[in-house]
Amino acid sequence: MTKAGSKGGNLRDKLDGNELDLSLSDLNEVPVKELAALPKATILDLSCNKLTTLPSDFCGLTHLVKLDLSKNKLRQLPVDFGRLVNLQHLDLLNNRLVTLPVSFAQLKSLKWLDLKDNPLDPVLAKVAGDCLDEKQCKQCANKVLQHMKAVQADQERERQRRLEIDREAEKKWEAKQRAKEAQERELRKREKAEEKERRRKEYDALKAAKREQEKKPKKETNQAPKSKSGSRPRKPPPRKHTRSWAVLKLLLLLLLCVAGGLVACRVTELQQQPLCTSVNTIYDNAVRGLRSHDILQWVLQTDSQQ
């Protein structure tokens, strides 16, 4: 294997068969584009550099079978690190890793793994073990894969649970919205019906008022001829008739009184009284004046003859 002692240089010159050694190259970042142009380089050594992160497009180097990233300053691996499905040997010794990405569970071809000298999460550290020899590193690969598959399953269940909660919340919201819309439709329908009923009543009231207005002139027209020709002549007011009879009665009573007084003055002993003397004188003068009238004489003669 050819080793590069300095940064840069032609990568093809450092390729030895299918192995590419970039260890001790003082690299701060991985030359992914150049590596992608070397699909034959299935074994890549990036140990003893100053790498703190790996770019996400590093995971596109799916032709890698063996990868050495030991003695760098890596704090985490790319989220989609599991795309390196052909990877069988992975050395992560002496970095600053605490956890592994969930996609690590997709490295189904992984047979060898070293995670020593990393500040791993206690659970992950216990699963990984010491990895002091070939056998333990193979066990480490197997146990870590199983552990990451369990973590992935747990996360998937949690994701499904949250999705279910979100779906239920969305269903409730949709049901609430449908109920609200139905209520609004019912309210609009009721308001429309009330408005229709109000307009109908107004129309009926106007129509009834118009009919009443049309009936009034007809009644007056029908009553006018009847009062002129068909009705009986009105009787004199009973009040006037009563007054006439009262006056007539009063006159008759007065005449009776005069006649009675005259008879009393001519027949009774009262004829010698001064009042009766005057009355008799007036009576005699009236009789003489009437006898001088021709017609009255004729009446008196006829009456005396009979």
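Guide: Arg-162 and Glu-158 join their side chains in a salt bridge, with 3.0 Å from N to O, where a salt bridge is a side-chain nitrogen of Lys or Arg within 4 Å of a carboxyl oxygen of Asp or Glu. The two residues are 4 residues apart in helix H4 (residues 134–230), so about one helical turn separates Arg-162 from Glu-158. Helices (H or I, at least four residues) and strands (E, at least two) are DSSP runs, numbered from the N terminus. Arg-162 is exposed, with a relative accessible area of 52%, whereas Glu-158 is partly exposed at 26%; buried means under 20% relative accessible area, exposed over 50%, and partly exposed in between, with a 1.4 Å probe and protein chains only.

This is a predicted model, in which local features need pLDDT of at least 70 and side-chain atom pairs count only at pLDDT 80 or more, while totals for chains, interfaces and linings use all residues. Residues are numbered from 1 along each chain as its sequence is written, and side-chain values use heavy atoms, with hydrogens and water left out.

Helix H4 also holds Glu-195 and Arg-198, which are 3 residues apart and therefore separated by about one helical turn. Their closest N and O atoms are 2.4 Å apart in a salt bridge, and both residues count as partly exposed, Glu-195 at 29% relative accessibility and Arg-198 at 38%. This contact belongs to a network of salt bridges that links Glu-195, Arg-198, Arg-199 and Glu-202. Over the whole structure, the search finds 13 salt bridges. Among them is the one between the side chains of Asp-80 and Arg-83, at 3.4 Å from N to O; Asp-80 is partly exposed at 27% relative accessibility, and Arg-83 is partly exposed too, with a relative accessible area of 41%.

From the charged contacts we can turn to an aromatic one. The count comes to 1 aromatic pair, formed by Phe-81 and Phe-104, which are stacked at 6.2 Å centre to centre with 5° between the planes. Phe-81 lies in the loop between E4 and strand E5 (89–91) and Phe-104 in the loop between E5 and E6, so the pair ties together parts that are 23 residues apart in sequence. By the rule used, rings of Phe, Tyr and Trp (its six-membered ring) pair if their centres lie within 6.5 Å, and planes under 30 degrees apart count as stacked, over 60 as edge-to-face and the rest as tilted. Lys-71 has a positive phi, near 55°, although the residue is not glycine.

Two strands pair if DSSP finds at least two bridges between them; strand E3 (residues 43–45) and strand E4 (residues 66–68) pair in the parallel sense over 3 bridges, and Leu-44 has Leu-67 in E4 as its bridge partner.
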